[in-house]
Amino acid sequence: MRIVAALVPLALAASLGVAGCNKSDDPQNLQPVSGEQKVEANEKGFTPSTIAVKKGSTTHLVFTRTTADTCATEVVFPDLGIQKELPVGKPVSVDIPADQDKTLRFACGMGMFNGKVVVK
Ligand SMILES: [Cu+2]
């Protein structure tokens, strides 16, 4: 009984959270991609910022920075030990290990802009 009481506010918070954000950004609603997925780095950060990747696929993300006016001058995948410069207009590829379900976070060099790759 104590467990149920603890779960109710959690479920409420979760549903409010989903309602409050862009649906297309919820990994539950994303169709997993495979092959190549383009990501733009611009003044608002990374677009798309949430990418679902098909488990077992060979997938890479291609980051292209489109403006000088952004903090996203590089992309960092801490879990993969990857840190790559994003020169304006130059596509930069990052291979995604999609062998099992996982969530890989990525960010700009200062951690102000964030994104995630959900392998499912
Ligand atoms: Cu930054």
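In which strand does Gln83 lie? Gln83 belongs to strand β6, which covers residues 82-85, where a strand is a DSSP run of E with at least two residues, numbered from the N terminus. The model is predicted, so that local features need pLDDT of at least 70 and side-chain atom pairs count only at pLDDT 80 or more, whereas totals for chains, interfaces and linings use all residues. Residues are numbered from 1 along each chain as its sequence is written, and side-chain values use heavy atoms, with hydrogens and water left out.

**Surroundings of Gln83**

- Gln83 counts as exposed because its relative accessibility is 55%, the cut-off for exposed being over 50% relative accessible area with a 1.4 Å probe and protein chains only.
- When neighbours within four places in sequence are set aside, Gln83 is in contact with Glu74, Val75 and Val76, contact meaning heavy atoms within 4.5 Å.
- The side chains of Gln83 and Glu74 are joined by a polar contact of 3.1 Å, that is, a pair of N or O atoms within 3.5 Å, of which, within protein, one must be able to donate a hydrogen and the other to accept it.
- Gly109 is 26 residues from Gln83 along the chain, and their C-alpha atoms are separated by 8.0 Å.

**The open sheet**

- Four strands, in the order β2-β1-β4-β7, form an open sheet of 4 strands with mixed pairing, and two strands pair if DSSP finds at least two bridges between them.
- Its edge strands, each pairing on one side only, are β2 (45-47) and β7 (92-96).
- Strands β1 (residues 35-42) and β4 (residues 59-65) run parallel and are joined by 7 bridges, and Lys38 stands opposite Val62 in β4.

Terms used
Buried < 20%, exposed > 50% of the residue type's maximum accessible area, 1.4 Å probe, protein only.
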